[in-house]
Amino acid sequence: MPRTAYVNGRYVPHAHAQVGIEDRGYQFADGIYEVVPVIAGAFIDEDWHWDRLDRGLAELRIDRPVNRKALSLIGRRVAGLNRVRDGLVYVQVTRGEAPRDHKFPTKPVPPALVVTARHLPVPKDLSEARMIDVITGPDERWARPDIKSISLLPNVLAKQAAAEAGAYETWMINALGEVTEGSSANAWLVSRDADSGRVVLRTHPADRHVLNGIVRTALVALSGQHQWQIEERAFTLDELLAADEAFQTSSGNMIRPVRSVDGRVIGTGEPGPVVQEILDDFAAHVAAQGGV
Ligand code: PMP
């Protein structure tokens, strides 16, 4: 079945979908994007994705191309036209098309909106622990990775480095020696406090230095029902290597327990009990939205 894309108000064959060469996304990576997971036809945590898109547009002073209701309808229509029941809806907004000049166009131009959808098989059982191997590398991104900018060159290079090393993801380490996040996922560890025995899930604070992931947001929201606590505090590579468990979160890949980091096994190298609990919780969170 031929795919269909939405481009600036029109539904067009995906293979022929185009924006102009003077689009500022193409020229300057002057734009942002969102990826909304679709499971059994349900858009998971949809509002949080549109909230983040709105925030990014406001940060970059790009006008909203359409209101939220229209965007949601366009997303559903594109998913429907492409028969995507399990997959991803991709939304990209750029500052629009104008003669190449770094500063914003003096004559206002409409922002460009592109929406596409693609299939992505979802595991039958979302609680299934699919482990990954991770490597580490320097965080070479700009100083505002909290904005979901389409300027992803350091992320591309980091993911390629992982692929070439036979790993799934690169977790990035900043100049302070702290793990910020993966090239396309938030990074977490699980540890037990030596004195109190308390179980702690640690991840970098959702400040200017990481993307505030939507799966991350969901885990923070779900954490109230557990014995363990989430601590939003960066960790070092040494702390990571000493962790009981580690995992990463993203809309494209949900929750993936980490088997090894730079070839060194984390914990037992098997999915740990805390990660399994989180996988179960998140599966219930998705099911509650209709995404069985
Ligand atoms: N960090 C980065 C750099 C990412 O690209 C992503 C994936 N969009 C995430 C974290 C996870 O965010 P989310 O849970 O919203 O997919």
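A residue is near a molecule or strand if one of its heavy atoms lies within 4 Å of it. The structure is a predicted model, in which local features need pLDDT of at least 70 and side-chain atom pairs count only at pLDDT 80 or more, while totals for chains, interfaces and linings use all residues. Residues are numbered from 1 along each chain as its sequence is written, and side-chain values use heavy atoms, with hydrogens and water left out.

**Exercise 1.** Find which residues come nearest to the ligand.

*Solution.* Of the 18 residues around the ligand, the nearest are Arg-52, Lys-148, Glu-181, Ile-214 and Ser-251. Next, look for polar contacts (pairs of N or O atoms within 3.5 Å). An N or O atom in the side chain of Lys-148 is 2.5 Å from a nitrogen atom of the ligand. A backbone N or O atom of Ser-251 lies 2.7 Å from a ligand oxygen atom, and a polar backbone atom of Val-215 is 3.1 Å from an oxygen atom of the ligand.

**Exercise 2.** Determine how α5 and α7 are oriented to each other.

*Solution.* Begin with the angle: helix α5 (residues 214-222) packs against helix α7 (residues 273-287) at about 100°, and their axes are 11 Å apart. Angles of 65 to 115 degrees count as roughly perpendicular, and α5 and α7 are therefore roughly perpendicular to each other. The contact (heavy atoms within 4.5 Å) is made by Val-215, Ala-218, Leu-219 and Leu-222 of α5 together with Ile-278, Asp-281, Phe-282 and His-285 of α7. Finally, sort the residues of this contact, which divide into 6 nonpolar, 1 polar and 1 charged, where Asp, Glu, Lys and Arg count as charged.

Terms used:
Axes fitted to C-alpha atoms, helices over the stretch in contact; angles between N-to-C directions. Helix = DSSP H or I, 4+ residues; strand = E, 2+ residues; numbered from the N terminus. Parallel < 35°, antiparallel > 145°, perpendicular 65-115°, else oblique. Polar contact = N/O pair within 3.5 Å; in protein donor to acceptor, adjacent residues only side chain to side chain.
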